[in-house]
Amino acid sequence: MASDKLITNKKFWLQFVWAIVILFILVFGIKTALKFYTKHGKEIVVPLFENISIEELENNPFADDFRYEIIDSVYNPLYVGGLILAQNPEAGSKVKKGRKIYFTISSFNPSEVKMPDLVNLSLRQALTVLNSTGLKLGEVEYEPSFDVNAVLKQKYQGLIIGKDTEIPIGSSID
């Protein structure tokens with residue numbers, strides 16, 4: 001019988017209606033605020049930044065709509081240093097103004113590697129070690145020795161080089 005009194009109570013219905021009105025106002029207010037905060041529907045298209053240099057990017061009028069960050073650099077002798085090789089998000093993607101674009105650029109200098117000790121290794125072993133460290137075999141000079149096909153000297157650009165010397169990756173070792 002107490003539930004019958006609750007259903008017919010005007011005060012209960014008035015509070016129930018106010019609760020529903022406040023709930024609708026809150027939901028509508030939050031949706032409106034989120035639409036404003038996230039700039040819903042205000043998208044711009046990412047232009048193609050690849051194959052331009054970082055210096056040119058600073059003068060590019062589209063660059064003002066974005067922030068950018070260089071996340072990686074790759075050395076390739078075919079490209080000049082500072083050239084944008086890849087971008088994320090891709091060109092043509094729709095993003096908000098102020099979005100950060102991540103770039104991979106061509107490195108100005110090759111990365112360096114420590115010269116391994118090849119002396120007293122066989123030519124075959126030395127070639128394997130060179131390949132595993134990213135170096136190339138240059139000219140092979142033969143000198144008389146009791147060790148047949150053993151490495152007696154290792155040279156870089158005509159000079160004898162010791163182990164652990166930093167040299168550019170991809171260099172030729174004689």
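Helices (H or I, at least four residues) and strands (E, at least two) are DSSP runs, numbered from the N terminus.

The model is predicted: local features need pLDDT of at least 70, side-chain atom pairs count only at pLDDT 80 or more, and totals for chains, interfaces and linings use all residues. Residues are numbered from 1 along each chain as its sequence is written, and side-chain values use heavy atoms, with hydrogens and water left out.

**Exercise 1. Find the salt bridges of the whole structure and state which parts of the chain each one links.**

Step 1. Apply the criterion: a side-chain nitrogen of Lys or Arg within 4 Å of a carboxyl oxygen of Asp or Glu. The search of the whole structure returns three salt bridges.

Step 2. Take E69 and K100, whose side chains meet at 3.1 Å, N to O. E69 lies in strand 2 and K100 in strand 5, so this pair ties together parts that are 31 residues apart in sequence. Both residues are partly exposed: E69 has a relative accessible area of 33%, and K100 has 23%.

Step 3. Take K155 and E141, where the closest N and O atoms are 3.8 Å apart. K155 is in strand 8 (residues 155-156) and E141 is in the loop between strand 7 (136-137) and strand 8; the two are 14 residues apart. E141 is exposed, with a relative accessible area of 53%.

Step 4. Take K153 and E143, which form a salt bridge at 3.1 Å, N to O. K153 and E143 are each in the loop between strand 7 and strand 8, 10 residues apart. K153 is partly exposed at 37% relative accessibility, as is E143 with a relative accessible area of 41%.

**Exercise 2. Classify the ring pairs that F16 forms with F12 and with W13.**

Step 1. Rings of Phe, Tyr and Trp (its six-membered ring) pair if their centres lie within 6.5 Å; planes under 30 degrees apart count as stacked, over 60 as edge-to-face and the rest as tilted. The whole structure holds six aromatic pairs.

Step 2. Classify F12 and F16. Their ring centres are 6.2 Å apart and their planes are at 20°, so the pair is stacked. Both lie in helix 2, four residues apart, about one turn of the helix. F12 is partly exposed, with a relative accessible area of 30%, and F16 is partly exposed at 40% relative accessibility.

Step 3. Classify W13 and F16. Here the centres are 5.7 Å apart and the planes at 85°, so the pair is edge-to-face. These residues are three apart in helix 2, a separation of about one helical turn. W13 is partly exposed at 40% relative accessibility.

Step 4. Look beyond helix 2. Ring pairs also link F49, F66, Y68 and F103 into a cluster.

**Exercise 3. State where in the protein confidence is lowest and where it is highest.**

Step 1. Start from the whole protein. The mean pLDDT (the predictor's confidence in each residue, from 0 to 100) is 82, and 95% of the residues reach 70 or more.

Step 2. Compare the elements. Confidence is lowest in helix 1 (residues 2-8), at a mean of 66, and highest in helix 2 (residues 10-37), at 89.

Notes
Buried means under 20% relative accessible area, exposed over 50%, partly exposed in between (1.4 Å probe, protein chains only).
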